[in-house]
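I set out to record the fold, the packing and the backbone details of this chain. The entries below follow the order in which I looked them up.

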Amino acid sequence: MALACRFLCALFLLGLHLAAQTDANKAQISGLVTDPKGAVVPNAAVKIRNVNTGLLRDLKSSEQGEYRATLLDPGVYEISVTSPSFAESKLTGVTLTVGSAARLDVRLAIQATATVVEVGATLIDVQTVAQTATVNNVAITSLPINGRRFQDFALLTPTVQVEGATRGQISFAGQRAIYSNIMLDGADYNQPFFGGIRGGERSGSIITVPQSAIQEFQVIPTGYTAEYGRSTGGVMNTITKSGGNDVHGEAFYQIRHRSLSSESPIFLVKPSETLQQFGGGVGGPIIKNKLFYFGAIESQRSTIPRQTVFPQLASFVPTAETRAAFDYYKTLEKPFEQTNRATALTAKTDYQFASGDRVTLRYNNSRSTENNAVTTGAAVNPFGNLAVSNEGTEQDGIHNGNAQYTKLFSPTTVNDLRFTGSAEVRPRLANSSLPLVTNTIGSFGTRNFLPTTQSDKRWQISDALSMTRGRHTIKVGVDLNFLSASQTFAFNQFGTFGFATTDIATILRTMSANGANGVNRFDIPAATYARAIGNGQAAFDVRQLSFFAQDSWNLNRKFKIDLGFRWEGQYNPSVEANNTNLVSRLNNITVPIGSVTNITSIPNAANQFMPRLGFAYSPLSQPTKLVIRGFSGLFYGATPMLSFSGAVNNFRLPPGDVSLQFGNLPGQLTIYQAMLRAGIDLNRTPIDQLPVLSIEQLQSAATFAAGGTARDPFANANVLGMAADFKNPRAFQMGLGAESELFRGFTTGVQLHYVNTANLMRNRNYNLPIPVVRPTDLSQRPFFGTRPIAGINQYTIRESSSRGMYRAATFSAQYRRSKFQFQSFYTLAENFSDDDNERDSGGFVYENSFNLIPEYNYSNTDVRHQFTSNGSYSLPWGFEVSGIFRARSGLPFNATAGSDLNGDGNNNDRPYLAAGKPMLRNSFRNRGISNVDLRLMKSFAVGGDRSKLQFSVEFFNLMNADNVVFAGGAGIYGPGIQATNGQLAPIDARFMRLRLADGTYDRNNQQIGNPRQIQFALRYFF
């Protein structure tokens, strides 16, 4: 026994990990059958019946008195246990939730004393080894969720974040959201191209699955089972409703009108949308106890009044030199309307055989159109510094189907086979076909990535065999994903004029110039220009394969060990590399920052082995009163396909997404001078009619800018490739926790999380020389001069060289009874990283690519304190009340110098604290936010007890919390140290400026969420 304990401890320390939930979208029941004296009863007959569907599972207790039924659908069950010489013992009202593993011991009585015990929901799951959080159907039906998006319920669980820094996607345990795994009915519901949930950034404003179709879901922030992978953090497993022997359904209509909203605390007008949503669902039997149906459909109609404003100009006093551009920006400050039309439907059927086998078929479809609503994941700000010409139309269409066959070979051997197919198409249209002009003031013209169309498909086949042998439940399986994607996408299709400075006067002056007095438009070094030369086409495939095996070993009633092992392989696309001119310039070269050995291929990820180990220990005589859990193991994330798209098509003829960029480079012509030599005089066109250069004009201007004479088709090109040693991210996770039932229905717990992640993705510019400190620069800031690869601008290599570390303690309290339930979670955490790239297509966040040490600091998603609580209470006379309270401390934010001081071509330089000493990334902390949502409901019986009509009123942001955070110009600090004398430089007046002198909020800032909104709803349940 001592040797076994030492072996298990060694495995734990080596990083093996355990399963944290069971049977994915299913559940299981296990227990011990004993006689009145506590002796085990072998071969007892155990019948487990689903009350809703009539599904019956027959099995017998083992020689050790144990019984276990796996792969059961979540629902309410009745358990009957009989044995010769004993009376029948029955457990009723056994509620299984998704992923749960309930342990229900049965003590038989002597004949003539049959027992019936009402069990209800099991709040402490003694069979799992990591913290889980389940949101049941009561919460889904009664809580005030703004928008009816099912994934928003994840915010009710611990460690979960949805922020602008995560592009509006779900992050678990401080991990990048692109490496989360969102599952629907046990299969991946992830967007394979962008990462994150299906629908991408659009999922934050549309319905992709009707809320009426959602039964419940479970979130496992860390330590999920070896059956699932492709996540460095946690998983969210959502299951849809099925029909039963009784007909049940609902219908609803709700409206949230902007006239009942409060004013924006920043702009002092009502900005909120008017949203109407309606629909419902119904399920029932086609053949009682055999064939069932369920269907749901929901639609939304939304309008959001928006306004273009340029806060940076609010206090700016124009001069004759800046007047023309200033006045033009003012003409763009006008209102426009954003619309959102979306419909989602779900159809599902289940057939169960007399043998206990079950077949499930489900189809889901959603479609949406949203005008003036271009999104990159951040919340919609009704007031923004983007002109309506910079907007466009977002569309999205999703098909998702699932077939599942659960086969009982015997009571102790069950197989689960799933086949899933999904497809999504996402056209994004532009409001304009004019060049983009973007700077710290704002943007007008075509958005730099529009127009574009992206589509993808996922075919997933998975099979898992579960076998119970004595005290062991062994599960083995395979999972295969075929991913394909195509897109028409290119940055800067109509050209982009930008600036490597945030000085307002300088920007307005050069934009206003027309050649008078020898001052020309865009004739300054800080002005930049970029234009696409490719056709924007890309199409490629990715394959994902995985195998797993796990053993849940019940050593005795109190102690359980889970051993798991998983292997994953990701087989990446091949590179089209027929552009010998470009390949010869960029392949197999050594530059000061490192070597580029092979850009003509992308390495596969086939060396991903994931051992796992965990335990669950119940030290008390009643196992459900206290459980202690621990786990450890390795986890790999999957790289989204978008990360490969540039590398796949940049080196072919014609290229896909390649731009030529010039301006703001040492020793080169200004963009005015370069274009003039190519025959384009920027002084001759109004600001709102800047020219769209032809490819020939662009190549000539780029060649002249670089000092050449003959037209070079790739002069000043921006090119992206993959590092030869690129890997998928790998996380080492550990956790230890305890949970206790203090009295019936009330549990408390604590969970420690540790996640250390390596091989995270980073964009890095390889076309930079070793920086030098100029003799006249007393701030001792390194400066980048002539680029080592002549004729090329940015040469981005996508590395897997970043890292992160998350550690947290979550304290939980839950209470669940028939009339009242609540959940509360408080998480104290720290999250560090040296890059927070959420599959960014390009760009660099570091201050100095040769010195990444100052980059390792608090992550963009570091939330020190996070609290979430929700509850619902059924009052007398048909009244109900429910509410949600969420609060978190402020996120870190990065201070910037406001201009490209080091000459690397990027306007992301940070202030210096002293000569030669830059600030750490994310050195400052933003403001915290809090929110209270409340729903009041009154129900009326209609046509008997089974039907009711419910009227409700909901208050979102009930207390009308301002929740204003620093944004925009509030992050501009200034250089910190002056180059001329080495002394402290004045801090920019905009830095962390919350309010202006008159007491109003600085309009550069933004509100997280919305002012108070009121929604009315009418629902019919039957």
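**Two cis prolines**

I began with Pro-654, which I found in the loop between α6 (642-649) and β35. The model is predicted. A cis peptide bond links Leu-653 to Pro-654, with omega about -10°. I then looked up Pro-451, which sits in the loop between β24 and β25 (452-469). Leu-450 and Pro-451 are likewise joined by a cis peptide bond, and omega is about -10°.

**Overall dimensions**

I noted eight helices and 54 strands in the protein chain. The radius of gyration is 30 Å, close to the 31 Å that the globule rule gives for 1022 residues, so the chain is as compact as a globular protein of that length. Along the principal axes, the C-alpha atoms fill a box of roughly 110 × 60 × 50 Å. Buried residues amount to 60% of the 1022 residues. Of the contacts with a separation of 6 or more, 76% join residues 24 or more positions apart. I recorded an accessible surface of about 36100 Å², with 59% of it belonging to carbon and sulfur atoms. I also recorded 93 positive and 75 negative side chains, the centres of the two sets lying 3 Å apart.

**Cores and helices**

Which residues have the most contacts inside the largest nonpolar core? They are Met-511, Phe-662 and Tyr-795, in a core of 83 residues. Beyond its neighbours within four places in sequence, Met-511 is in contact with residues including Tyr-329, Val-437, Phe-499 and Ile-687. Another core, of 23 residues, lies apart from the largest one and has Ala-139, Leu-156, Val-160 and Val-219 among its members.

I next examined helix α4 (residues 504-512), where Met-511 is one of the buried residues, as are Ile-504, Ile-507 and Leu-508. The buried residues of α4 pack against α3 (323-332), β23 (436-438), β24 (443-444) and β27 (496-499).

In helix α8 (residues 695-705), I listed Leu-698, Ala-702 and Phe-704 among the buried residues. Their cover includes β28 (527-532), β35 (659-662) and α7 (671-677). Gly-707 follows α8 and has a positive phi, near 95°.

Asn-922 has a positive phi, near 55°, and lies in the loop between β48 (917-918) and β49 (924-925). Is Asn-922 buried or exposed? Asn-922 counts as buried, because its relative accessibility is 4%, under the 20% cut-off.

Met-992 has a positive phi as well, near 50°, in the loop between β52 (964-965) and β53 (1006-1007). With a relative accessible area of 29%, Met-992 is partly exposed.

How values were computed. Residues are numbered from 1 along each chain as its sequence is written. This is a predicted model: local features need pLDDT of at least 70, side-chain atom pairs count only at pLDDT 80 or more; totals for chains, interfaces and linings use all residues. Side-chain values use heavy atoms; hydrogens and water are left out. Helices (H or I, at least four residues) and strands (E, at least two) are DSSP runs, numbered from the N terminus. The radius of gyration is taken over C-alpha atoms; the globule rule is 2.2 Å times the number of residues to the power 0.38. Buried means under 20% relative accessible area, exposed over 50%, partly exposed in between (1.4 Å probe, protein chains only). Contact means heavy atoms within 4.5 Å. Accessible areas come from the Shrake-Rupley method with a 1.4 Å probe; for residues, only the protein chains shown count as cover. Lys and Arg count as positive and Asp and Glu as negative; His and the chain ends are not counted. The place of a charge is taken as NZ of Lys, CZ of Arg, CG of Asp or CD of Glu. A nonpolar core is a set of buried Ala, Val, Leu, Ile, Met, Phe, Trp, Tyr and Cys residues joined through side-chain atoms within 4.5 Å.
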